[in-house]
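Okay, everyone, thanks for coming.

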Amino acid sequence: MAGREDIEKMILQVGLGDRAAFSSLYDATSAKLFGVCLRMLNNRAEAEDTLQDVFVRVWQKANLYSSNGYSPMTWLITLARNASIDRLRARRAATVDIDEVHDLSDTGPTPEADAIASSERERLNSCLDELEPDRSDAVRRTYLDGDSYKELAARYDVPLNTMRTWLRRSLLKLRECLSR
Amino acid sequence: MSAEEEHSDDIALAGEYVLHLLDAAERKAFEARLVQEPALRDLAREWEAQLALFAQDIAPVTPPAAVKSKLESRLFAAPERASRGLRRWIIGGMLALGVIVGAAVLLPVLSPPVPSLTASVVAEDGSLVVAANFIAETNTLEIERQAGAALPGRVLELWLIAADATAPVSLGVLPEDRAARIALSDSLARQMTGAVLAISDEPPGGSPTGAPTGAVLAAGPVTGV
């Protein structure tokens, strides 16, 4: 797989309108981003469409990319997640069956993927472990399943405001732990 | 609220923003602040980086090959154009090998056709920044709202003021999405060169009269790339 610097270079080239670099960037990163779309959407056809949306955004926005010391994969993954959320929210606006969506998306990480998790990821995990299980689960669901406060409140059977207070507190604790 | 409380409020708010937990109004308000507050932008980026670690657990899945070809035809237009594009790349390869000299003569042919014209539609105080890229091959105007947003209950409408025109022509109301794509008619597309793009503040649905009715918030000339 292409390294961080290679990917960065490709994004910068794409920002200049370089189609060959766009093709290389797609080859280097589409599998990971497709994995993200699939994980969030749990539907192959939708994930394929969303992956296209992601790379359309990459093509349009690459000229705005600046690393500022962050990994280029963070930028790409954020685009993939945002495109998936857009689709999820559109889908959920069309159907009210929240339970179904939840049951579908209950897949955990594969053992193989666990093995390659980085030390940074371990740190996030250990910080999540400092939260009560329900709370860390809620943060994870929000990120990976795109749950809204309404959906979280229904899942944990608490009023929406309580849910929001919980989650905001969890975020602050998480942040405090991560910056230790 | 004390300064410290305000800061932790912002930390949580930035996290909620990155997680897409804010409702539409809160999100808009947060984005308006993002434009003006670098510290808030940093908070949001830090959250993005930290939360993206969740995605490390996700195993890569190779997408079907058809996705890439569909994507490329979606971005780079019609099939006959694609073969022209291919020829361009072959010529590019030969150039790189030094087979052809006199590159300067060929450069205009070789440069990627996207975009051909560009404009930065910017408010005087920087409160609204919209980048527009015109792709002549497909008569498409790609819009990216980089800063600012419509006022609550109002919309932003984009106008083309052609070089020799006496009145602006509406290109439509900008969607809430930051990025948009506008298909132009041939006659409008021909007027892009030397034109000015402007954005006005309008009621929902856009100007009822066909001419700007609200304040002109931002403007910028269309220039070659």
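**Where the two chains meet**

So, let's start with one pair: Arg121(A) makes a salt bridge to Asp57(B), and their closest N and O atoms sit 2.4 Å apart. Keep in mind that this is a predicted model.

That pair belongs to a longer list. Between chain A and chain B, the rule picks up 8 salt bridges. It also picks up 20 residue pairs in polar contact across that interface, counting pairs with both residues at pLDDT 80 or more.

Which parts of chain A do the touching? Helices α2 (19-41), α3 (44-61), α4 (72-94), α6 (111-115), α7 (119-129), α8 (133-145) and α10 (160-178) of chain A each put in at least two residues. The largest share, 14 residues, is from α2(A). By class, the side of chain A that touches chain B has 29 nonpolar, 16 polar and 20 charged residues.

Now the totals. On chain A, 65 residues are in contact with 53 residues of chain B. The two chains bury about 5700 Å² between them, with 61% of that on carbon and sulfur atoms. Of the area chain A buries against chain B, 14% comes from Arg19(A), Gln52(A) and Arg175(A), more than any other three residues supply.

Last stop, inside chain B. From α2(B) we have Phe30(B), Arg33(B), Leu34(B), Val35(B) and Gln36(B), and they meet Pro38(B), Leu40(B), Arg41(B) and Ala44(B) of α3(B). That contact comes to 6 nonpolar, 1 polar and 2 charged residues.

Key: Residues are numbered from 1 along each chain as its sequence is written. Chains are lettered from A and ligands numbered from 1 in the order in which they are written. This is a predicted model: local features need pLDDT of at least 70, side-chain atom pairs count only at pLDDT 80 or more; totals for chains, interfaces and linings use all residues. Side-chain values use heavy atoms; hydrogens and water are left out. Contact means heavy atoms within 4.5 Å. Helices (H or I, at least four residues) and strands (E, at least two) are DSSP runs, numbered from the N terminus. Ala, Val, Leu, Ile, Met, Phe, Trp, Tyr, Cys and Pro count as nonpolar, Asp, Glu, Lys and Arg as charged, and the others, Gly among them, as polar. Buried area is the accessible area (1.4 Å probe) that two parts lose on being put together, summed over both. A salt bridge is a side-chain nitrogen of Lys or Arg within 4 Å of a carboxyl oxygen of Asp or Glu. A polar contact is a pair of N or O atoms within 3.5 Å; within protein, one must be able to donate a hydrogen and the other to accept it, and residues adjacent in sequence count only if both atoms are side-chain atoms.
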